[in-house]
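Let's take a friendly walk through the sheet in this model and the helix that goes with it. Have the sequence and the 3D view ready.

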Amino acid sequence: MKKIILILALLPLFLTATFIQPDMVIAQAGNAYDMVNGINELRAANGLGPYSINASLMAAAQYHADWITATNQGGHTGEGGSSAYDRAISFGYGGGVGVSVTENWARGYGLSVYDCIYTMWNDPDHWNNMLHTYHNEIGVGVSVNADNFVTYVVNFGHVTGSAPPPPVLTPIYQTQAPYIAPLQTSTPNPDGSIYHVVKINEFPITIATAYGITLEDLFRLNNLTEESSIYPGEILVIRLSTTPEPTATPEVTNTVPPTATLKPSNTPRPSLTPYQTAAPTPKPDKSPGLILRIFSGDSKYLAFGLIGISILGIVLMVISSSRLHK
């Protein structure tokens, strides 16, 4: 009875542990100001002054980010076929006179600010927007849906007559590689393969650069795309094994097998004397008896057998009948 009570008491705990899973931890997206700071850090590393935040550009970028999340349609063309320039003007940027506007956007699961800057936007067009020497203002919009898909929209602008762009202190992206924080690389394994464990604040572009491989090769080796995110603790393949599998080599010996020598046999072969013939082998008698013929399956003898049996039966019936009447 005590065992039954104990089992009933522990049953709710077992069911709770089995069927109730803990909530999954979802990576937090960066906010608009995190993106502004990340881009300005990149500019500082390349000798450029920071972008200034503009309220109209912020509103235009946020409007487009929300529209992408609501419609699930990515791109620079937004509601009603509007462009980044159109949206900035509609929110009052520069009074609509002498305005220049460009835009970066990205969307992905759990996408971080640095994933955007160093991975999604790792190409000359996007980098030129972030490291522009004419634009001097910025606006950022961030939108996240229920599935943790994060959308970032960044508008870069300049209004004629506004403060001139910060001076170029050092060469920028076209002539100088972007600043990348150093990371600790892994030692190759005995077979030549290399694996890297992702740490905090490491990104595909920084990892690829540290190991001297292209970003495309890193994506290919790990089945990633430009929209993929990586997480601390994740193991990435940097290089596959370079040691070929050992090939079995057949053993070669110089031993020559001895040549067989035939010797004449001393055993005389039997011979027949003249006119001597071998005795014939007696053949078995092929004439079986009547009984065997009947049961051999021969239809002729089988018929004879049946007739004989029938006659015998009639005779026996007659004899028995005559005895009964006496």
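What follows is a short tour of the sheet, strand by strand, and then of the helix.

This is a predicted model, where local features need pLDDT of at least 70 and side-chain atom pairs count only at pLDDT 80 or more, while totals for chains, interfaces and linings use all residues. Residues are numbered from 1 along each chain as its sequence is written, and side-chain values use heavy atoms, leaving out hydrogens and water.

The sheet is open and mixed, with four strands in the order β1-β3-β4-β2. At its edges sit β1 (52-53) and β2 (99-109), each pairing on one side only. Strands here are DSSP runs of E with at least two residues, helices are runs of H or I with at least four, and both are numbered from the N terminus; two strands pair if DSSP finds at least two bridges between them.

| Strand pair | Sense | Bridges |
|---|---|---|
| β1 and β3 | parallel | two bridges |
| β3 and β4 | antiparallel | eight bridges |
| β2 and β4 | antiparallel | eleven bridges |

I53 has I138 in β3 as its bridge partner, V142 stands opposite Y152 in β4, and E103 faces N155 in β4. β3 and β4 make a hairpin with four residues between them, and N148 in the turn has a positive phi of about 65°.

Which strands does helix α3 lie across? Helix α3 (residues 55-71) lies across β1, β2, β3 (137-144) and β4, and runs at about 25° to β3. Such angles run from 0 to 180 degrees between N-to-C directions of axes, which are lines fitted to C-alpha atoms, for helices over the stretch in contact (heavy atoms within 4.5 Å). β3 is mostly covered, with seven of its eight residues buried (under 20% relative accessible area with a 1.4 Å probe, protein chains only).

Definitions and conventions: Buried < 20%, exposed > 50% of the residue type's maximum accessible area, 1.4 Å probe, protein only.
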